[in-house]
Amino acid sequence: MKVAFLLFDGFSNMVLSCLLEPLRALRDQGQADLGWHVLTVDGRPARSSSGLLIAPDGGLRGPFDLLVVVAGYGFRDHANDIGLRRVQALSRQGRIVVGADTGSWLLAAAGLLSGRRATIHWSLVPEFAEAFPDVQVDPAPHVMEGRVWSCGGASAALGMTLALIEQRFGRASAFLASSMFLHDADHSTAGTGTRTLLPVGRASARLHQVIGLMVGMIETPEPLARIAARSGLSLSSMERLFRAEAGMSPGRYFQMLRLARARDLALGTDLDLRAIALRCGYASASALGKAFKGAFGHPIRQTGRGRRSL
């Protein structure tokens with residue numbers, strides 16, 4: 001997948017990170033054919049809203065699987081002839097074009113959103129609707145319809161990127177790609193290197209509780225029925241909870257937690273595969289390897305340091 005980010009001065013570092021870091025995590029999982037480039041309007045570095053300069057990459061040519069237009073403060077000034085011509089020219093080379101943050105304003109000004117449903121940063125929704133009456137403005141965090149997509153601020157950009165990864169590479173890849181947006185389960189796991197993978201968006205206190213229990217038993221996993229009982233739930237209630245809030249069964253989620261931990265160990269330590277398997281509740285290296293490949297489509301040996309030492 002070939003991705004191009006077109007940055008305008010005033011863009012948000014947070015928005016760019018939420019668009020880019022899940023893709024970086026996906027590449028680190030073994031998707032070697034995934035790459036991205038940074039473009040600017042005039043070939044000079046773009047300055048973010050916090051003053052950081054990002055230099056563009058040279059020698060990039062389309063077509064792109066994804067062209068992401070990232071704008072922030074100053075978007076009205078950027079909707080000039082030079083900026084809009086750049087957007088229009090690059091959009092012809094993008095299979096999918098995305099307006100992120102205030103980038104949707106530039107897409108609309110370039111005529112790319114006429115008759116389409118689109119969103120923008122939440123603070124600009126009323127003004128956006130007034131300025132572009134031919135656009136079907138939707139206050140949703142992100143809109144992924146047809147060829148031209150849009151999203152609001154940082155959390156919306158993250159949600160859209162993970163949805164794209166799930167659509168293109170599967171739910172397991174989206175799950176691991178979200179692993180940099182984590183919370184410690186509780187103080188009992190502090191310092192252990194074990195982290196809790198939580199669904200993007202709001203999760204109930206009960207779901208946090210169950211996941212916290214799962215995190216504490218990654219090395220010695222207990223049956224789901226016992227986890228449910230310790231959480232004050234029936235097995236069927238726990239099943240409904242996970243499917244409603246996490247988008248998968250509790251068994252699948254527990255497996256993903258253990259495999260995510262295995263991936264962290266493969267990336268960050270020199271442990272051999274057998275030792276990693278034991279630390280993640282698998283009886284043998286072959287059992288871990290089979291589960292990992294079944295979930296992610298490539299051997300754990302292709303992960304991080306594992307490419308060299310496992």
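# Sheet, covering helices and selected residues

Biologist: Which strands does helix 1 (residues 13–28) lie across, and at about what angle does helix 1 run to strand 1?
Modeller: In this predicted model, helix 1 lies across strand 1, strand 2, strand 5 and strand 6 (94–101). Angles over 145 degrees count as roughly antiparallel. Helix 1 runs to strand 1 at about 160°.

Biologist: What is the order of the strands in the open sheet?
Modeller: The sheet is open and has six strands, with mixed pairing. Strand 2 (35–40) and strand 9 (142–143) each pair on one side only, as edge strands. The order is 2-1-5-6-10-9.

Biologist: Which residue of strand 5 is the bridge partner of leucine 6?
Modeller: Strand 1 (residues 2–7) pairs with strand 5 (residues 64–71) in the parallel sense, over five bridges. Leucine 6 has its bridge partner in strand 5, and that partner is valine 69.

Biologist: Which residue of strand 10 is the bridge partner of valine 98?
Modeller: Strand 6 and strand 10 (148–151) run parallel and are joined by four bridges. The partner of valine 98 in strand 10 is tryptophan 149.

Biologist: In which sense do strand 9 and strand 10 pair, parallel or antiparallel?
Modeller: The two strands form a hairpin with four residues between them, and glycine 146 in the turn has a positive phi of about 65°. Histidine 142 stands opposite cysteine 151 in strand 10. The pairing of strand 9 with strand 10 has two bridges, and its sense is antiparallel.

Biologist: Are the residues on the two sides of strand 10 buried or exposed?
Modeller: Helix 6 (residues 154–169) lies across strand 5, strand 6, strand 9 and strand 10, at about 140° to strand 10. Val148 and Ser150 are on one side of strand 10, and Trp149 and Cys151 are on the other. Both faces are covered, and these residues are all buried.

Biologist: What is the relative accessible area of aspartate 101?
Modeller: Aspartate 101 is found in strand 6, where seven of the eight residues are buried. Phi of aspartate 101 is near 65°, a positive value in a residue other than glycine. Buried means under 20% relative accessible area. Aspartate 101 is buried, with a value of 7%.

Biologist: How far apart in space are isoleucine 120 and alanine 156, C-alpha to C-alpha?
Modeller: Isoleucine 120 is in the loop between strand 7 (117–118) and helix 5 (125–131), and is buried at a relative accessible area of 2%. Leaving aside neighbours within four places in sequence, isoleucine 120 is in contact with residues including Asp101, Trp105, Phe128 and Cys151. Isoleucine 120 and alanine 156 are 36 residues apart in sequence, and their C-alpha distance is 9.6 Å.

Biologist: How far apart are the end C-alpha atoms of helix 8 (residues 205–216)?
Modeller: Helix 8 has twelve residues, so at 1.5 Å a residue it should span 16 Å. The end C-alpha atoms agree with this, at a distance of 17 Å.

Biologist: Which helices are included in what covers the buried residues of helix 8?
Modeller: In helix 8, the buried residues are Leu207, Val210, Ile211, Gly212, Leu213, Met214 and Val215. What covers them includes helix 9 (224–230), helix 10 (235–245) and helix 11 (250–268).

Biologist: How are helix 8 and helix 10 oriented to each other?
Modeller: Their axes come within 11 Å and cross at roughly 105°. Angles of 65 to 115 degrees count as roughly perpendicular. Helix 8 and helix 10 are therefore roughly perpendicular.

Biologist: How many residues of the contact of helix 8 with helix 10 are charged?
Modeller: Helix 8 contributes Arg206, Leu207, Val210, Ile211 and Met214, and helix 10 contributes Met238, Leu241, Phe242 and Glu245. Of these residues, seven are nonpolar, none is polar, and the number charged is two.

Biologist: What is the relative accessibility of serine 249?
Modeller: Serine 249 is found in the loop between helix 10 and helix 11. Leaving aside neighbours within four places in sequence, serine 249 is in contact with Glu239, Phe242 and Arg243. Serine 249 counts as buried because its relative accessibility is 16%.

Key. Residues are numbered from 1 along each chain as its sequence is written. This is a predicted model: local features need pLDDT of at least 70, side-chain atom pairs count only at pLDDT 80 or more; totals for chains, interfaces and linings use all residues. Side-chain values use heavy atoms; hydrogens and water are left out. The expected span of a helix is 1.5 Å times one less than its number of residues. Buried means under 20% relative accessible area, exposed over 50%, partly exposed in between (1.4 Å probe, protein chains only). Contact means heavy atoms within 4.5 Å. Axes are lines fitted to C-alpha atoms, for helices over the stretch in contact, and angles run from 0 to 180 degrees between N-to-C directions. Angles under 35 degrees count as roughly parallel, over 145 as roughly antiparallel, 65 to 115 as roughly perpendicular and the rest as oblique. Ala, Val, Leu, Ile, Met, Phe, Trp, Tyr, Cys and Pro count as nonpolar, Asp, Glu, Lys and Arg as charged, and the others, Gly among them, as polar. Two strands pair if DSSP finds at least two bridges between them.
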